[in-house]
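Trainee: Could you walk me through how to read a sheet and a metal site? I would like the general idea before each case.

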Amino acid sequence: MFGVEKMKLTAHFDNNEFTCKCGCGLNNISRLLVEKLERVRKACGVKFVITSGCRCAKHNAAVGGVANSSHVKGYAADIALTDYNRVIIIQALRKEFNRIGIAKNFVHVDVDPDLSIAEWRY
Ligand SMILES: [Zn+2]
């Protein structure tokens with residue numbers, strides 16, 4: 001495996017948690033995004049599992065992402081949700097993010113400056 005070395009970004013997040021999952025090594029994650037996630041993580045006190053962070057165009061297409069996805073631009077992360085953590089995490093995210101997409105098993109947040117304020121369900 002090549003790619004980005006593990007590096008602590010904040011108290012609770014490492015760089016490699018946001019690296020493209022296809023193995024290409026892409027990591028252009030937004031510092032603002034990670035700083036916001038860290039504040040929410042601290043407020044929650046529960047572990048966050050990042051299921052998708054950066055995506056190269058190929059991986060984005062493979063997982064069915066929209067062409068101009070915020071994940072490709074490094075502005076987005078998906079966090080796993082369970083019955084146990086879903087309410088805690090979603091409520092805390094709303095204090096820090098104004099773009100939130102809620103699915104059954106994950107929640108998407110992004111800081112994409114090209115997109116407007118929204119909350120949606122998948
Ligand atoms: Zn990739």
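**Reading the sheet and the zinc site**

Mentor: Strand β3 (residues 99–102) pairs with β5 in the parallel sense over four bridges. This is a predicted model, where local features need pLDDT of at least 70, side-chain atom pairs count only at pLDDT 80 or more, and totals for chains, interfaces and linings use all residues. Residues are numbered from 1 along each chain as its sequence is written, and side-chain values use heavy atoms, with hydrogens and water left out.

Trainee: What counts as a strand, and when do two strands pair?

Mentor: Helices (H or I, at least four residues) and strands (E, at least two) are DSSP runs, numbered from the N terminus. Two strands pair if DSSP finds at least two bridges between them. Strands of a sheet pair through backbone hydrogen bonds, either parallel or antiparallel. Here, Ile102 has Arg121 in β5 as its bridge partner.

Trainee: What is the order of the five strands in the open sheet?

Mentor: The order is β1-β2-β4-β3-β5, with mixed pairing. At the edges are β1 and β5 (118–121), each pairing on one side only.

Trainee: Now the metal: which residues coordinate the zinc ion?

Mentor: Donors are N, O and S atoms within 2.8 Å of the metal (3.2 Å for Na, K and Ca); water is not among the atoms, so sites may look incomplete. In this model the SG atoms of Cys20, Cys22, Cys24 and Cys56 coordinate the zinc ion at 2.3 to 2.4 Å. Their spacing along the chain is C-x1-C-x1-C-x31-C.
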